[in-house]
Amino acid sequence: MIRIAVISAVISALAPFHSSIKPVPNSVRTQVTKSGAFHKGCPVAFRDLRVLTVTYRGFDKHNHSGQLIVNKSAAAPLAKVFHRLYVIHFPIHHMSIDTIYTKHGPADGDPTGSFECRQAVPSPCSGGSGTGSWSNHAYGLAVDINPVENPYVGCGMSRDPQAQSYRDRSRHRRGMVTAQVRAAFASIGWGWGGSWSGNTKDYMHFSFNGH
């Protein structure tokens, strides 16, 4: 049994990266709408979005097929980013339509996602639930990666209590954004919320304009 497990792990490690970009099917449109992530008044329509499917490396050290809903203009560049993350074996906990667009997400609260029609979230310093302006997520032009390991912080606080220990960025742990991850997104011109000036940092957040 050990030999079979080792062979399986080797095959998984050598499996090639795959990606695809497709229009959002009607079944997924219904799921996203029912979840509240899409609603009347959103700044983009479903025709402006695409389902990006990519191979990614899980925390279990195996390959998985993951999906994000992203802006059609960003789909091909993001495929290149996730190819790079796959090559460097950067681990991602969850990346699927079901873990993002559901009333109850994964138990560990650690889904990687992109599109969500909502306002930008204010800093933990100021509190509140919205800023009055659209988030880049509302356009499918932002990606949040491993939010537990990469929290949104400010004034010594995090919106997610279980992510508090990850406010210390001096001690690297698996799933935390690295220089290589930042470089992968920078290669398509995307900025990182962890580089914001001031006290507030959004370590999970990458977007086309860095905001």
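Author: Happy to. A salt bridge is a side-chain nitrogen of Lys or Arg within 4 Å of a carboxyl oxygen of Asp or Glu. The model here is predicted, and the structure holds 1 salt bridge.

Reader: What makes the pairing of Glu116 and Arg118 a salt bridge?

Author: Their side chains meet at 3.2 Å, N to O. The cut-off is 4 Å, so the pair qualifies.

Reader: Why is Glu116 called partly exposed?

Author: Glu116 has a relative accessible area of 37%. Buried means under 20% and exposed over 50%, so Glu116 falls in between.

Reader: And why is Ser135 called buried?

Author: The relative accessible area of Ser135 is 5%, and the limit is under 20%, so the label is buried. Ser135 sits in the loop between α4 (97–100) and β5 (142–144). Leaving out residues up to four places away in sequence, Ser135 touches Arg118, Gln119 and Ala120.

Reader: What makes the approach of Ser135 to His137 a polar contact?

Author: The Ser135 side chain reaches the backbone nitrogen of His137 at 2.9 Å.

Reader: Which residues touch the most other members of the largest nonpolar core?

Author: Leu78, Phe82, Leu85, Val143, Phe185 and Phe206 do, in a core of 29 residues. The largest share, 8 residues, comes from α3. Setting aside neighbours within four places in sequence, Phe185 is in contact with Leu78, Val81, Leu85, Val143, Ile145, Trp190 and Phe206.

Conventions:
Residues are numbered from 1 along each chain as its sequence is written. This is a predicted model: local features need pLDDT of at least 70, side-chain atom pairs count only at pLDDT 80 or more; totals for chains, interfaces and linings use all residues. Side-chain values use heavy atoms; hydrogens and water are left out. A nonpolar core is a set of buried Ala, Val, Leu, Ile, Met, Phe, Trp, Tyr and Cys residues joined through side-chain atoms within 4.5 Å. Buried means under 20% relative accessible area, exposed over 50%, partly exposed in between (1.4 Å probe, protein chains only). Helices (H or I, at least four residues) and strands (E, at least two) are DSSP runs, numbered from the N terminus. Contact means heavy atoms within 4.5 Å. A polar contact is a pair of N or O atoms within 3.5 Å; within protein, one must be able to donate a hydrogen and the other to accept it, and residues adjacent in sequence count only if both atoms are side-chain atoms.
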